[in-house]
Amino acid sequence: MSDLEKKSDIVTVQDISVDTSSTDEGNFPRFSNFRSVASHTDAGKVNYINTTAATSDNQLLAEIGYKQELRRQFTPIQVFGVAFSIMGLLPSIASVMAGGLAGGPVTLIWGWFIAGGFILTVGINMAENASSIPTAGGLYYWTHYYAPTGYKEVISFVIGYSNTLALVAAVCSIDYGFAEEILAAVVLSKNGNFEVTTGMTYGVFAAAVVAMGFCACLASKTVGRLQTLSIFANCFIILLFFITLPIGTKKNVGHFNNGKFIFGKFENFSDWNNGWQFCIAGLMPAVWTISAFDSCVYTSEEAQNARKSVPMGIVSSITLCWIVGFCILICSTACMSTDVNRVINNPYGFAMAQIIYDSLGRQWAIAFMSLMAFCQFLMGASIVTSTSRQVYAFSRDNGLPFSNIWKKVGKKYPVPFNAVIFTCFISLVLGLLCLIGDASASALFSLNVAGNNLAWGTPTFMRITWGKQLFRPGPFYLGRFWSPVIGWTAVTYQVFLVLIVMFPTNQHDVTKSTMNYTCVVAGSVWFLSWLYYVIYKKKFYRGPQTNLTDEQYREVVGHDLIDEIMSKRKV
């Protein structure tokens, strides 16, 4: 046991304090300017520790408790690019547009606008947490830090699993959308004389998962360049869409839909009442599309100036996608056929394919679907990268089975190769739901939403309740008034959202082919992860664990500073 670990009181040097009450092996105290370490006294009061300022990203990570194993190659624009790439506006909107039109253009347009505003509140809270404690295991780490004493381990454990499952579901849903776009292009090229089977879809899906896994194994610098490429690719296809679709509509259709149709046409294609149908159909396109901002968090240990670049990547990616996506939907509904049912139930499997086909013809539709598939592939490569970093971080803290395998990082190329393999393997297994049918495949979309929002909302809820006095803001912070207001708004919205994604698309006559399996899969994971912890894992999982030796920590923080603190220790 080190000298630091043997102490049992609080050391204070001017404005620098160190909590040395921890005696568990591997949990010796850390110095940090971005968070407070609390020790409960006999009287039930809490001592708050303010600590030294970090002067570098490596020192910051050491203060959190981890050694720098990955290379910090991501510039601020590339951190933004990870989230923007995974969101992949036009391909993502194309994947979920049919569901959004299930209540007519009103649900698609206004549902996007309303959901986007709430998503921004979620992102702002996540950005505050990331600015305070930037680490790849952010969500379960923050949960553990802010949760009440006695419940920290079990809650963070469940959140870690929920987050991991949601990210794997995101890989599946993106790759499934990629497979549909590829096959839609084939159907278009065959003039509709081509039957797509579930086996074909899964085959393309599986090939995509493997290929994206190889991309995720590239060095951090190369992966960062892929994000830059993805930004340009997505911007190009969006600009091309805004230019060509209106021109084609004016030339081939002769007119645009008026504002009454775009902003006021409601048509319910389910047996739910109109209000609930608006929620189920209208919110989902934005919720699923603008859902990758958390990927910035998982790159925290590869980002330069993480306390600023990560929160700015989160907020800027949400804001840009919210505004540009709203414009894409207005353009689409202005150019689409007024026969909404025909657009939804088209032979190509994509509502966007039908819209482009009607306005620009078959060749342009094939070209657009091919370009969307390319952007979707870059999306998939980015989400596999982000997911593997979460798997690596959770395994580093002994959260997953066989964690010693998944947390290993390559020596020559510091990439978590085993975590990438784990991500791809679980994605291939979970993707077998595609073989059951469309209802099961759509569960992948909802599973991503449910798992992510539980994982996103819990640390914020813990921070604004039990942990509000523990929070020490970083450079990104909205202040004492607006931060909790936005926090409660986001948490309330997320509770509502987790509930609505459990509902099937129709109220009556629900069969095995129309059942929403999200409640089964997500509920099982949450319950089984809790059960796994109670029965077995509580013996080994202690929450975030430092992987630094005392000497490694001294080298990063500085011998002189630590010696000064210990020499001026107050009893």
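Among contacts in the chain between residues at least 6 apart in sequence, what percentage join residues at least 24 apart?

**Figure 1. Overview of the predicted model.** In this predicted model, 79% of the contacts between residues at least 6 apart in sequence join residues that are at least 24 apart. The chain holds 24 helices and four strands, and of its 571 residues 59% count as buried. Its accessible surface comes to about 22,300 Å², and carbon and sulfur atoms account for 62% of that area.

**Figure 2. Close-up of E128 and its partners in contact.** E128 has its place in helix α5, which covers residues 105–132, and E128 counts as buried because its relative accessibility is 0%, where buried means under 20%. A salt bridge joins E128 to R463, with the closest N and O atoms 3.0 Å apart. This pair links distant parts of the chain, since E128 lies in helix α5 while R463 lies in helix α20 (residues 438–464), 335 residues apart. R463 is buried as well, with a relative accessibility of 3%. The side chain of E128 also makes a polar contact of 2.8 Å with the side chain of S483. When neighbours within four places in sequence are left aside, the residues in contact with E128 are R463, F471, F476, Y477, L478 and S483. Side chains of opposite charge can pair when their charged atoms come close.

**Figure 3. Close-up of the salt bridge between R389 and E302.** The structure holds four salt bridges, and in the one that R389 forms with E302 the closest N and O atoms are 2.9 Å apart. The two residues belong to distant parts of the chain, with R389 in helix α17 and E302 in the loop between α13 (295–298) and α14 (306–335), 87 residues apart. R389 is buried, with a relative accessible area of 0%, and E302 also counts as buried at 0% relative accessibility.

**Figure 4. Close-up of the salt bridge between D358 and R342.** The closest N and O atoms of D358 and R342 are 3.0 Å apart, and the pair links helix α16 (residues 351–360), which holds D358, to helix α15 (residues 340–344), which holds R342, 16 residues apart. D358 is partly exposed, with a relative accessible area of 22%, and R342 is partly exposed with a relative accessible area of 35%.

Figure 5. Although A381 and C215 are 166 residues apart in sequence, their C-alpha atoms are 6.0 Å apart in space. Leaving aside neighbours within four places in sequence, A381 is in contact with M212, C215 and A216.

Figure 6. Helix α2 (residues 57–64) is mostly covered, for seven of its eight residues are buried, namely D57, Q59, L60, L61, A62, E63 and I64.

**Figure 7. Close-up of a nonpolar surface patch.** F527, L528, W530, V534, I535, Y536 and F540 make a nonpolar surface patch of about 690 Å². One of these residues, F540, lies in the loop between α22 (518–535) and α23 (550–557), and F540 counts as partly exposed at 41% relative accessibility.

Technical notes
Residues are numbered from 1 along each chain as its sequence is written. This is a predicted model: local features need pLDDT of at least 70, side-chain atom pairs count only at pLDDT 80 or more; totals for chains, interfaces and linings use all residues. Side-chain values use heavy atoms; hydrogens and water are left out. Buried means under 20% relative accessible area, exposed over 50%, partly exposed in between (1.4 Å probe, protein chains only). Contact means heavy atoms within 4.5 Å. Accessible areas come from the Shrake-Rupley method with a 1.4 Å probe; for residues, only the protein chains shown count as cover. A polar contact is a pair of N or O atoms within 3.5 Å; within protein, one must be able to donate a hydrogen and the other to accept it, and residues adjacent in sequence count only if both atoms are side-chain atoms. Patches are made of residues with over 30% relative accessible area and no salt bridge: like charges are joined within 9 Å, nonpolar side chains (Val, Leu, Ile, Met, Phe, Trp, Tyr) within 5 Å. A salt bridge is a side-chain nitrogen of Lys or Arg within 4 Å of a carboxyl oxygen of Asp or Glu.
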